[in-house]
Amino acid sequence: MVATANYLVKIDPRASMADASFISCGFSTGYGAAWKEAKVEKGSSIAVQGLGPVGLGVHTLYSAKDNLDTVLVGARIQGATRIIGIDIIERKRELGKAFGMTDFINPSESDKTISQLVKELTEGEGVDYSFECTGYMNLINEALQATKAGKGMLTVVGAGKNAPVQIDFMTLIAGRTMKGSIFGGIKVQSGIPVIVEKCINKASSIW
């Protein structure tokens, strides 16, 4: 296999290869989105749309059977105190709790929009940070509307179709910000070793 040297990094031999094999791509994208891109602050509130593919965060020893978005892990380690997970798969409720989620929303159980459900849990305000991890273009506005007016930030992480997205102008002009994320904003040569070190030091309960 031929690869660009800039995307290769030597892994500390103290790290378990079983763990290291899951660090690149998916895991780092979800983890880095909260750590590097949004820079989630201690005591803040977040909402994560899609507790699955992005991040390939998993059960204790990375069992491929139960996928969970690692934005939850990154946000918890950054100090978020209100972590709302959103998914239509009910079994993600218990998995999310194991990774630091404080509240769970299953949109298929309500006629209300996702943003309305998030605001119901946050006294009508919305969250400080929102992460769209499903890749469904029609959910981007919902994720943006779920954030607080004047300060809310949406980070789009999910890889969807290469198609135009129509953003609600009034939602954006009310002071919210939106950004996209590739690989969670992590630089391979400097960021991956930090994550590996966290793995070795058991900084997260997923390791």
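**Before starting**

This is a predicted model, in which local features need pLDDT of at least 70, side-chain atom pairs count only at pLDDT 80 or more, and totals for chains, interfaces and linings use all residues. Residues are numbered from 1 along each chain as its sequence is written, and side-chain values use heavy atoms, with hydrogens and water left out.

**Stop 1: helix α2**

Select residues 23-37, which form α2. Helices (H or I, at least four residues) and strands (E, at least two) are DSSP runs, numbered from the N terminus. The end C-alpha atoms of this 15-residue helix are only 17 Å apart, short of the 21 Å that a straight helix would reach at 1.5 Å a residue; the expected span is 1.5 Å times one less than the number of residues. Centre the view on threonine 29, where α2 has a kink of about 40°. The bend at a residue is the angle between axes fitted to the seven residues ending there and the seven starting there.

Twelve of the 15 residues of α2 are buried, that is, under 20% relative accessible area, with exposed meaning over 50% and partly exposed in between (1.4 Å probe, protein chains only). Among them are Ile23, Gly26, Phe27 and Glu37. The buried residues pack against α1 (17-20), α3, β6, β7 (153-156), β8 (177-180) and α8. Just after the helix, lysine 39 takes a positive phi of about 55°.

**Stop 2: the aromatic pair**

Rings of Phe, Tyr and Trp (its six-membered ring) pair if their centres lie within 6.5 Å; planes under 30 degrees apart count as stacked, over 60 as edge-to-face and the rest as tilted. A search of the whole structure finds one such pair.

Tyrosine 31 is buried, with a relative accessible area of 2%, and tryptophan 35 also counts as buried, at 18%.

**Stop 3: the cores**

Select Val40, Ile46, Val48, Val71 and Phe131, which touch the most other members of the largest nonpolar core, a set of 32 residues. A nonpolar core is a set of buried Ala, Val, Leu, Ile, Met, Phe, Trp, Tyr and Cys residues joined through side-chain atoms within 4.5 Å. The largest share of this core, six residues, comes from α2. A second, separate core of ten residues includes Ala47, Ile105, Val118 and Val127.

**Stop 4: helix α3**

Move to residues 71-78, helix α3, where Val71, Leu72, Val73, Gly74 and Ala75 are buried. Glycine 79, just after this helix, takes a positive phi of about 105°.

**Stop 5: two single residues**

Select threonine 171 in helix α7 (residues 169-173). Threonine 171 is buried, at 8% relative accessible area. Finally, find isoleucine 89 in the loop between β4 (82-86) and α4 (92-98). Isoleucine 89 is partly exposed, with a relative accessible area of 38%.

Methods: Contact = heavy atoms within 4.5 Å.
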